Amino acid sequence: MSDDADDAEPTAAAEENGGTGTTVPIGVKLGSTRTVVSLPGERGADDQIIRTLTCLATYEDALTGEEKVLYGEEAATEYPDRVQFMLRSGLPEDADRADLTRTFFEALIEENDLPANSAVVYAIPTIDNPEGLDNLRSVIENSSIGMRLVESYPESLCGAIPAFGDDLQAIDEIFLAINMGSTNLEASAYRRGEQLAPFTTGAVTGNEVDRMIANYVEEETQGRVNIDTQTAREYKEEHADFVDFEPFTDVIQQPGGGSHEFTIERSVMDALDEYVDDAVEEIANTFLPELANDYMKVYQLALERPIVVTGGMACIPGITSEFERRLGEELDRDVEVIAADRPDLAPTIGAQRIARRLAAND
C-alpha cells in the first residue's frame, strides 16, 4: 500500500472506518527504536501502517548549501557515522532532543502526507520522567497533525486493545499489561481503562539483551568474533525462537584481509533465557507485591484474567508461552499470557481505534 496517498483518499477511508466528516483517526507511537503510525487505508482498504526507525541525520545540499534532513532507515544506512536516535531512553531528555524529535516527526508527516485535519492518539511510555514527558507532550501538541483532536494514553493500554479483540473490549476489562520494550520493562494494572500501580525498570530491556548477545558471541567464539549491538539486535530479531531455534552461521571480514565463518549455537538463546528469568523476577517479586499491597481486589481479579504482553521483545516466537510458564511456576499458580498478532504494532493500532471512537463521539 502506498504511503503517498493524498488527503482525499484517507478521508474516504476514514468515513468508512468510523471517523466523522473529514476527520482522519491516526494512532502514533514514537518509540525509542522505531516509530509506528496507523491510519485508515485508501478507500476502505486495510489500515495503513507506517513503520520507521526513530532516527535522523542532517546533511548540506551540495548545490545550495541548505540543510537537508533524512530520517529512518535511509538516515541510518547513508549516515551511520552521525545518525541520531533521539529517543534512546524512551523520551526526549532535554530541549535539544525535543527539537530533534520534532524535526524527525515533521519530516515523517510531510513525506507521508499525514492530514492536518485528524484526530490523533499517541501511545506514550510509562516512565517517571516529568521533564521528558513534558518534552514529548510539546512535540505532540505542536505537530502539524491532530488539528481536530490530540490525546495520549499509556502504551501498555493501547497495546492490550488488539490482544483482546477487534474493538475496544480492553477498556472495559480488569487486567495486567506488561510492555517488553527496548529501553524499559513496564507493567500496570488496568481497571476499566484506569491505570493502577504503574511500574517501570530499565534493568530488564531489549537493549540489554543485545549487549548480552554481543558479549556471549565473543565468549562462544573464544574471542575470535566481536559484533556490535546493531548486529546483535539483528541476530535476535532474525534467529531468536523459543520453539524452533536453530544454530546459524555468519561471516565477518578480518582486519588484515580474508574472512572468518563462525556458527552461533548458544549466545542468542542464553541471553533470551536470562531476559525472561529477569522479567519474571521483576514482575513476580516487585510489581505484583506492590499491586497487591495497594489494590488487593484488583490484584486478585487481574490474575484470574489474561495478562497481556506488548512491545518488540514480545515478537520473539514462543516468548509468550515461555513467560507464562515461568511466571506461573514463580507464583505457584496457573496464569494465562496473551499478545496481539504483532505486539510491536499493537500500541499504534490500539491508539488508532481509540482515535476513531473519540472522533466519532466528538
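Colleague: How do the residues of the lining of the largest pocket divide into nonpolar, polar and charged?

Modeller: The model is a predicted one. In it, 35 residues line the largest pocket. Gly counts as polar here, and Gly311 and Gly312 are among the residues closest to the centre of this pocket. By class, the lining divides into 11 nonpolar, 13 polar and 11 charged residues.

Colleague: Which element supplies the largest share of the lining of the largest pocket?

Modeller: Strand S1 (24–30), strand S2 (34–39), strand S6 (118–124) and helix H7 (229–239) each supply at least two residues of this lining. The largest share, 5 residues, comes from H7.

Colleague: How much space lies in the largest pocket?

Modeller: The centre of this pocket has Ser182, Gly311, Gly312, Met313 and Asp344 as its closest lining residues. The space in the largest pocket comes to about 620 Å³.

Colleague: Which element gives the most to the lining of the second largest pocket?

Modeller: This pocket holds about 420 Å³ of space. Two or more lining residues come from each of helix H2 (72–78), helix H6 (206–220) and H7. With 5 residues, the element that gives the most is H7.

Colleague: How many charged residues does the lining of the second largest pocket have?

Modeller: The second largest pocket is lined by 17 residues, and Phe85, Arg88, Thr229, Gln230 and Arg233 lie nearest its centre. Arg counts as charged, so Arg88 and Arg233 belong to that class. Beside 5 nonpolar and 4 polar residues, the number of charged residues in this lining is 8.

Conventions: Residues numbered from 1 in each chain as written. Predicted model: local features only at pLDDT ≥ 70, side-chain atom pairs only at ≥ 80, totals over all residues. Heavy atoms only, no water. 1 Å grid on protein atoms, 1.4 Å probe; cavity = no way out; pocket = protein on both sides within 12 Å on 5 of 7 lines; lining within 4 Å. Points joined across faces, edges and corners; volume = space filled by probe spheres on them. Helix = DSSP H or I, 4+ residues; strand = E, 2+ residues; numbered from the N terminus.
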